[in-house]
Amino acid sequence: MSAITIPGTKKQIPIGIIMLAVLSIVGFYAMTIRWVDGLGIATNLSDTRPWGLWISFDLAVMAFSGSAFTMAAVSHILHKNKYHNIARVALIGGYVGYLSAGAALTVELGRPERLWHFFAYHNLHSPLFEVGMCVIAYTGILTLEFLPMLFKKLKWGKMIKVMRAIEVPVVVAGITLSTGHQSSLGSISLILIYKLHPLWYSPILPIIFLASAMTSGIAMTMLVGFIGTRVFNWEFRKGVFSGLGRILLYASIFTLLLKLGDLAWSGELGLLFENSLQSKIYFIENVAGYVLPIIILLIPTLNKKWSWLFRASVLSIIGLVTHRMAVSFFGLAGADYFPTWQEFASTAGLFSVGIILLWIIADNIPLVVEEH
Amino acid sequence: MNNNSCQTCGTDVSRRDFLKIAGASTCGIAVAALTSGEALASSNEGLPLEEHKAMLYDSTVCIGCKQCEAACKLDNNLAEEDVNDLSGNTFTIIKEYISEDGTESAFRKYQCMHCVEPSCVASCPVAALTKLGDGPVVYDEDVCIGCRYCMQACPYGVPAYDWSQAYPLIRKCDLCYDRPEGPACAETCPKGALIYGKRGELIQMAKERIALNPDKYYENRVFGEHDGGGTSFLILAAVPFEKIGLPPLGNESLPSHTHTATSVVPGLFAGVAGLMSSIYIRTKDNEDDDLHEGGTT
Ligand code: SF4
Ligand code: SF4
Ligand code: SF4
């Protein structure tokens with residue numbers, strides 16, 4: 001990969017990271033427009049379209065961050081040790097994901113300076129309160145899971161011991177919290193029964209959210225793993241990627257059946273063949289996100305090839321992003337909406353900052369280490 | 001790799017872990033207990049429903065003079081603006097519906113419906129919106145974080161922003177809850193199309209009007225007695241309710257759809273924590289300890 005050397009040092013910065021840095025700066029500029037001139041100028045949101053691209057970003061990023069708990073379950077709870085290294089990658093990815101979703105709140109909320117109100121005021125029946133609490137607690141847990149790697153780097157032997165002692169309960173608490181949290185993200189839409197298009201509205205939305213988050217979490221783990229093997233020469237144990245591909249296959253089949261079964265059960269399969277924007281989006285979501293990856297992963301000659309596993313994971317991610325966009329605006333009744341350049345730029349900026357952060361961490365902390 | 005611990009991340013595996021896991025599960029159950037709480041916060045505390053403050057709007061009496069709009073602006077200090085909908089500076093608006101062939105027409109007063117089980121109250125994460133014990137649904141502008149979930153959740157499209165503000169607050173009708181004389185709009189109405197009173201009595205009055213003119217009112221019923229779980233703003237109309245922008249909500253309250261989901265969370269927490277712990281213990285003896293074989297995939 002081409003890179004630029006910082007003058008006076010030996011440090012190399014890949015061109016890709018420099019491009020992301022530019023995106024981050026443009027994104028930050030767009031964010032200042034929101035902070036200074038307000039939501040009315042920086043966004044195309046309105047009273048009948050109160051949520052837009054930023055909410056999709058949050059929902060998608062949080063779903064990908066589900067990789068952390070899915071992989072923790074596979075590697076620590078099921079004791080599939082070959083996944084230890086990649087689980088650590090997923091953990092860091094999830095951690096950075098939550099941080100960038102948190103950063104998005106600073107533009108998205110009408111009163112971002114009051115985020116701490118989540119601690120002071122509560123409505124236990126609001127799914128959004130549940131999400132808020134779980135995100136805060138889960139970010140804390142992820143920090144606890146992340147610290148050992150940092151201590152190891154800093155060679156703080158004592159602290160590593162402390163962390164080891166609490167590791168297993170921390171992992172269990174993390175999985176528990178994020179199961180609750182991924183599903184309560186789906187509960188948010190339950191009250192929108194008259195607003196959300198019936199292709200997406202379902203009383204089992206919490207389960208659909210959980211299943212799709214786990215699916216895309218695995219896809220995201222694969223993707224980050226693939227990129228890491230190229231950029232950082234990470235070496236994983238044999239069978240890690242094809243194994244993840246198999247998990248992705250089962251998870252995709254399960255989620256697709258869940259969604260189609262739900263439509264069939266509520267007698268809404270006919271909606272698929274309506275010629276509407278919504279039905280087209282539903283097709284993109286499910287053909288790209290589930291049908292194609294399932295086909296790829298079922299074909300024996302393809303499901304062992306890097307290039308095809310890579311494609312399957314990218315498709316799966318496209319499907320998830322489309323779903324989260326559908327529940328945050330495409331599928332919701334309201335004014336016509338197309339995001340402003342500020343909304344696009346700040347979203348891209350936050351995403352770029354996340355990737356840069358990931359790169360810095362991966363560059364400095366040995367995430368994937370020789371096992372023996 | 002030695003038997004009981006993973007060198008790379010330091011998971012130390014031993015029987016004693018059971019205790020630690022038990023600890024984590026207890027933590028999960030504690031969180032669960034915290035989130036279970038009591039029943040839906042709604043009007044059920046405070047005055048009985050019949051005694052709630054309410055308004056009856058008879059669309060067939062309204063002449064569309066818009067004096068209520070002006071009174072509301074004056075009383076709430078709202079800026080004049082040219083809008084066709086409720087907004088951050090318009091808490092109430094009169095709109096006229098005219099059918100395509102021009103034979104049918106009706107006015108409708110838009111404002112907060114002061115729902116019996118308000119979606120906005122159920123969704124607000126920080127409880128900035130609350131239903132007072134005597135009916136009005138009010139907003140605490142010092143608490144709101146601006147997530148806009150209430151705007152999304154309200155089936156009548158009521159909560160609004162002043163989008164010109166950099167750090168806006170939710171704005172909506174509060175039934176003039178702190179005005180001793182009652183709502184300014186009702187007080188101003190020259191025709192008596194808008195009557196302020198107790199919910200029970202107003203429903204009674206509406207039913208009497210229907211009984212007097214059995215063919216006049218749509219479906220011979222008052223909108224808001226049961227719709228969406230009931231409202232404190234009651235509407236009589238001669239035209240179908242959907243024509244004047246009233247959504248067909250059925251009698252179930254919207255928050256009831258969320259409630260099932262939020263109430264299974266405690267069980268979910270306990271279940272997942274328990275399941276994970278038991279799988280952990282069962283699988284930890286058969287770790288798949290295949291050796292590092294170099295390459296990938
Ligand atoms: S009409 Fe909307 S804003 Fe008013 S109480 Fe009902 S849900 Fe809340
Ligand atoms: S915008 Fe404010 S009042 Fe509305 S739900 Fe969010 S915090 Fe509550
Ligand atoms: S009750 Fe008060 S705030 Fe509500 S519309 Fe009437 S005058 Fe305005």
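**Figure 1. B:Ala71 in a predicted model, a buried residue of chain B.** At 13% relative accessibility, B:Ala71 counts as buried, since the cut-off for burial is under 20% relative accessible area. The model shown here and in the other views is predicted. B:Ala71 has its place in helix H2 of chain B. Apart from neighbours within four places in sequence, the residues in contact with B:Ala71 are B:Ala184, B:Cys185 and B:Thr188. B:Arg179 stands 108 residues from B:Ala71 along the chain, and the C-alpha atoms of the two are separated by 13 Å.

**Figure 2. The shell of ligand 3, with residues from helices H2 and H5 of chain B.** Ligand 3 is surrounded by 13 residues. The closest of them are B:Cys72, B:Asn76, B:Cys173, B:Cys176 and B:Cys185. At least two residues of this shell come from helix H2 (67–76) of chain B, and at least two from helix H5 (184–188) of chain B. By class, the shell holds eight nonpolar, three polar and two charged residues.

**Figure 3. The surroundings of ligand 1.** The shell around ligand 1 consists of 13 residues. B:Cys112, B:Met113, B:Cys115, B:Cys120 and B:Cys154 are the closest.

Figure 4. Although B:Lys66 is not a glycine, its phi is positive, at about 65 degrees. B:Lys66 belongs to the loop between strand S1 (53–58) and H2 of chain B. With a relative accessible area of 38%, B:Lys66 is partly exposed. B:Asn220, likewise not a glycine, has a positive phi of about 45 degrees. The loop that holds B:Asn220 runs between helix H6 (199–212) and strand S9 (233–236) of chain B. B:Asn220 is partly exposed, at a relative accessible area of 39%.

**Figure 5. B:Gly250, a residue of chain B in contact with chain A.** B:Gly250 sits in the loop between S9 and helix H7 (255–283) of chain B. Its relative accessibility is 40%, so B:Gly250 counts as partly exposed. When neighbours within four places in sequence are set aside, B:Gly250 is in contact with A:Tyr194 as well as with B:His226, B:Asp227 and B:Gly228. Between the C-alpha atoms of B:Gly250 and B:Gly135 the separation is 21 Å, the two residues being 115 residues apart along the chain.

Figure 6. Seven helices and nine strands make up the secondary structure of chain B. Of the 297 residues in chain B, 52% are buried. Among contacts in chain B between residues at least 6 apart in sequence, 60% join residues at least 24 apart. Chain B has an accessible surface of about 13300 Å², and carbon and sulfur atoms account for 52% of this area.

**Figure 7. A:Glu285, a buried residue in helix H10 of chain A.** A:Glu285 is part of helix H10 (residues 277–298) of chain A. Its relative accessibility is 0%, and A:Glu285 therefore counts as buried. A polar contact of 2.8 Å joins the side chain of A:Glu285 to the side chain of A:Trp200. Beyond neighbours within four places in sequence, A:Glu285 is in contact with A:Trp200, A:Lys259, A:Tyr290, A:Gly319, A:Thr322 and A:His323.

**Figure 8. Helix H1 of chain A and its buried residues.** Helix H1 of chain A covers residues 15–37, 23 residues that at 1.5 Å a residue should span 33 Å. The end C-alpha atoms are 33 Å apart, which agrees with this expectation. The buried residues of H1(A) are A:Ile17, A:Leu20, A:Ser24, A:Gly27, A:Ala30, A:Met31, A:Ile33 and A:Arg34. An α-helix has 3.6 residues a turn, so residues three or four places apart point the same way. The buried residues of H1(A) pack against strand S2 (12–14) and against helices H2 (39–42), H3 (53–77), H4 (84–108) and H12 (341–364) of chain A. Just after H1(A), A:Gly38 adopts a positive phi of about 105 degrees.

Conventions
Residues are numbered from 1 along each chain as its sequence is written. Chains are lettered from A and ligands numbered from 1 in the order in which they are written. This is a predicted model: local features need pLDDT of at least 70, side-chain atom pairs count only at pLDDT 80 or more; totals for chains, interfaces and linings use all residues. Side-chain values use heavy atoms; hydrogens and water are left out. A residue is near a molecule or strand if one of its heavy atoms lies within 4 Å of it. Helices (H or I, at least four residues) and strands (E, at least two) are DSSP runs, numbered from the N terminus. Ala, Val, Leu, Ile, Met, Phe, Trp, Tyr, Cys and Pro count as nonpolar, Asp, Glu, Lys and Arg as charged, and the others, Gly among them, as polar. The expected span of a helix is 1.5 Å times one less than its number of residues. Buried means under 20% relative accessible area, exposed over 50%, partly exposed in between (1.4 Å probe, protein chains only). Contact means heavy atoms within 4.5 Å. Accessible areas come from the Shrake-Rupley method with a 1.4 Å probe; for residues, only the protein chains shown count as cover. A polar contact is a pair of N or O atoms within 3.5 Å; within protein, one must be able to donate a hydrogen and the other to accept it, and residues adjacent in sequence count only if both atoms are side-chain atoms.
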